[in-house]
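These are my notebook entries on a single structure. I record what I looked up, entry by entry.

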Amino acid sequence: MFKKVVMMLVVLSLVFAVAGCGGGKQADQKAPDQAPAPQKYTIRVAHSITPESHYHKGLLKMDELLKAKSNGRVELQIFHSAQLGSERDVIEGVSLGTVEMTLVSTAPLANFSKKFMVFDLPFIIQDRQKAFAVFDGPMGKDIMSSLEPKGIIGLGFWENGFRMLTNSKQPVVNPEDVKGLKIRLMENPVHVATFKHLGAQPVPMPFGELFTALQQKTVDGQENPLIIIDTSKFYEVQKHLALTGHFYAPAALLINKKYFEGLPKDIQQIILEAEKEARAWERNYCIEMENSFVSKLEAAGMQVTRPDKKVWQEATKPIYQQFEAEIGKDIIEALLK
């Protein structure tokens, strides 16, 4: 009898234990599901110059804005110093979707859309504030939209600056002073034609190879905005700086079309807003910094000349006629006005 009682107690304890476990499972099932964590978006963006440059600082500002506007859901992963390849390489990467975004000078874009060649005509832009109005208006949007068949959306034109000429051989004052000089240029037909016309020997070359080429005297000189001449430390390998301002060089922030259009609408809007604010910040940064560069480069040992731009304008006029048919006379006239 005692054994039966013990057995019954054991069975009852097992029943209550099972019931208790079942109750726990039921309670778990009734617990409300946790909301999934919001999706995060990391946008890889490449540029070809140093982390001290205006490109990099502008992109850092955009990253800050993206994080603030999205509560940390969107950020940039910035690759500087041509880590993902030359400007042409990363433009192709954005076109193919192997990298989401890039900030590049407009000169290599002439290889993807001839409309971009208009910016490269010598002295076509002399007032950057008027140029900003063109870039941000219908004409700028039309030029950017010409990249869409290549799978690229142009988000905006950023600042790069007026291009100045440096070399290691002689002071440059007049156009004939460049005759015979080997000048590194971007891979752009207008730039190459301009310096050929002036009697120089153009050497198209990716930016990532430039410092070494100057150091080893493979080329005599190069041309870039003052901010790049300074941050890339070209004063270490170039003695002469001529403030020619022969080309004005905007930059273009580009994003892969398929990637952008595949993002949620609210994320697209955040990117557009952050880009617009970062663009304005970067332009102001460049203008403020530029005022101090000439004295800074002189202090670093460069000999500075200030050529008469009207003389250079007259010398390069035939380039307009050479490219008028390719670019379009209407676009050239609109930008001149």
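Predicted model: local features only at pLDDT ≥ 70, side-chain atom pairs only at ≥ 80, totals over all residues.

Entry 1, a loop residue. I began with Lys233, which I found in the loop between α8 (226-231) and β8 (240-242). Helices (H or I, at least four residues) and strands (E, at least two) are DSSP runs, numbered from the N terminus. Lys233 is not a glycine, yet its phi is positive, at about 60 degrees. I then looked up its accessibility: Lys233 has 41% relative accessibility and counts as partly exposed. Here buried means under 20% relative accessible area, exposed over 50%, and partly exposed in between (1.4 Å probe, protein chains only).

Residues are numbered from 1 along each chain as its sequence is written, and side-chain values use heavy atoms, with hydrogens and water left out.

Phe123, a residue other than glycine, has a phi near 65 degrees. I located Phe123 in the loop between β3 and α4 (128-135). Is Phe123 buried or exposed? Phe123 is buried, with a relative accessible area of 4%.

I looked next at the strand β3 (residues 101-105), which pairs with β1 in the parallel sense over two bridges. Two strands are taken to pair if DSSP finds at least two bridges between them. In this pairing Val45 stands opposite Met101, and the bridge partner of Ala46 is Thr102. With strand β9 (residues 248-256), β3 runs antiparallel, joined by five bridges; Leu103 stands opposite Leu253 there. I then asked why β3 is largely enclosed by the rest of the structure. Five of the five residues of β3 are buried, so the strand is largely enclosed. Met101, Leu103 and Ser105 lie on one side, Thr102 and Val104 on the other, and both faces are covered.

Strand β1 (residues 41-46) runs parallel to strand β2 (residues 74-79), and six bridges join them. Ala46 stands opposite Phe79 in β2. I recorded that β1, α2 and β2 make a right-handed β-α-β unit. A crossover is right-handed if, with the strands pointing away from the viewer, the path from the first strand over the helix to the second runs clockwise.

The axes of helix α2 (residues 54-70) and helix α10 (residues 265-299) come within 8 Å and cross at roughly 145 degrees. Axes are lines fitted to C-alpha atoms, for helices over the stretch in contact, with angles from 0 to 180 degrees between N-to-C directions. Residues of α2 that meet α10 include His54, Tyr55, Met62 and Leu65, and among their counterparts in α10 are Ile270, Trp281 and Tyr285. Contact means heavy atoms within 4.5 Å.

His54 is buried, with a relative accessible area of 0%. Leaving aside residues up to four places away in sequence, I found that His54 touches Ile49, Glu159, Asn160, Ile227, Ile228, Glu282, Tyr285 and Cys286.
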